[in-house]
Amino acid sequence: MRSILYFSHHDDRWCDGFSIVQTVYSSLDVIVTDLDDRPPIFNTTLYNYKASENSTEFSHVEGIYACDQDTGIDADIIYSLETDGLWDCLAYVDIDSQAEVTITKPFDFEEGYSECRLTIQATQADNEIQTATASLIIEIFDVNDNCPLPVASATVGTYVKGDAFVSDPESLGRLTVSISDMDKNISYDEPEFLSNEFGLARVSEASSEYYIAPNQTRDGQIELGENVKISVTDVLYDGSECSRSTTIEVVVVPLDVQDPTFDQAEGYHVTVEEGYEGFLLQVAANNKDGNNEGIVYSLPERNGVYFTIDSKTGDITLIIGFDFEVTTEHILTVRATDARWETIERYTDTNVVITITDIDDYVPVIQCVPLILSIPESTPVGTTVAVVQVVAAAAGAQAPKTEGISGDEAEPISDEDELLHSYAVNKHPQPEE
């Protein structure tokens, strides 16, 4: 910047009696030079980019630009990127001298990140101190680039002739087949059974699980077992096809499935005190093979208020104690079910007889007739003046002791019933002075 300043100087002199004024003019040329004292500035503080995984091109970009606020100075700016998040994604993108961001390595959505957060730094080429920053967020989109995989709940299933589905011996339910696809937008064909002996069944169109249903026309021909191969095909984002499969071994179980048996064929018996709460006893049952595989224990709904049972171990717990004065015996029904089969129901019931014993849990009641004594002073010695009875409130409870019953002017008279006491005058009562 240039500025010119003008000056004037006046000189007043006398010569031969006359006043002579001289004026001198001069100018000052001022040139102001700029200092490199202001940082660059971005045209915005946040830039949003979009890209699909497996792509080297952005689907959406915004122009990145930073200018130098100092004029007349070297305005070259150097751009660089720094990570600004939990995921260090600098290995995937770069920025050049023209502030153009490029993808150097395609993103992989399945790595667990849906966005890349970076900080753009603009630095003056001749002054590293003068810098400016802005945020860059790259949104990453998922594409169908992973081949789905059929996953079975077990590698070995059991099938009983006549049953509706192949069972899972581990979960004691149907053997299920689901499709595992790492891509969010699953796009695959219906699972195809490559074996002609079995078929897939789905409970509802909304369900993502399938069950192995045997071909009923071949039910009588399946003797030992067969391998079932499930294959799923998919068309990926680039138009290529992929196929993955899994194999399930189906073991055929003979039809003579029998009811389980309890280890105590005559039932169980246990004695508890009234009011007791806690572990009661353990019941045990075996299947026809002589082990407890697939055995599930249960109680009728009406017993759910007082008891709980561990469906696997058979441990029974009393959660609300009984009252002897209400009941002295309770019969509990326990069921053992061989749950390895779905439609072929095999179960056995047994009884647990619970005897409740009484405990001394009531406070005795003292009854006295009359409650207030009025004895004339001339009453003869030996005259019965009151009858005191100690009553146990609970039937069958232990008779209460009568220690501590006494009187100054009367003494108890022995009675056949220890709980009944008569009091008679042992000396002439005197009136109060």
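This is a predicted model: local features need pLDDT of at least 70, side-chain atom pairs count only at pLDDT 80 or more; totals for chains, interfaces and linings use all residues.
1. C67 has a relative accessibility of 28%, so it counts as partly exposed; the partly exposed class lies between the buried limit of under 20% and the exposed limit of over 50%.

2. Now to the bonded cysteines. The model has two disulfides. If you number the bonded cysteines of the protein in sequence order, they pair as 1-2 and 3-4.

3. One of these disulfides joins C89 to C116, with 1.9 Å between the sulfur atoms. The link is right-handed, with 75° about the S-S bond. It ties together distant parts of the chain, 27 residues apart: C89 sits in the loop between β7 (77-83) and β8 (93-95), while C116 belongs to strand β10 (residues 115-124). Both C89 and C116 are buried.

4. C147 and C242 also form a disulfide, and here the sulfur atoms are 2.4 Å apart. That falls inside the cut-off of within 2.5 Å. Because the torsion about the S-S bond of C147 and C242 is about 100°, this disulfide is right-handed. Again, distant parts of the chain are linked, 95 residues apart: C147 lies in the loop between β11 (127-141) and β12 (149-152), and C242 in strand β21 (residues 241-253).

5. How accessible are C147 and C242? C147 has a relative accessible area of 17% and is buried. C242, at 14% relative accessibility, counts as buried too. Buried here means under 20%.

6. Turning to a sheet, have a look at the four strands in the order β23-β30-β29-β26, which form an open sheet with mixed pairing. At its edges are β23 (268-273) and β26 (295-298), each of which pairs on one side only. From one strand to the next, the twist averages 25°.

7. Within that sheet, β29 (residues 329-338) and β30 (residues 346-357) run antiparallel and are joined by ten bridges. As background, strands of a sheet pair through backbone hydrogen bonds, either parallel or antiparallel.

8. β26 also runs antiparallel to β29, with four bridges between them. Y297 stands opposite A336 in β29. Which residues of β26 are on its covered face, and which on its uncovered one? I295 and Y297 make up the covered face, whereas V296 and S298 make up the uncovered one. In a regular strand, side chains alternate between the two faces of the sheet.

Technical notes: Residues are numbered from 1 along each chain as its sequence is written. Side-chain values use heavy atoms; hydrogens and water are left out. Two strands pair if DSSP finds at least two bridges between them. Helices (H or I, at least four residues) and strands (E, at least two) are DSSP runs, numbered from the N terminus. Axes are lines fitted to C-alpha atoms, for helices over the stretch in contact, and angles run from 0 to 180 degrees between N-to-C directions. Buried means under 20% relative accessible area, exposed over 50%, partly exposed in between (1.4 Å probe, protein chains only).
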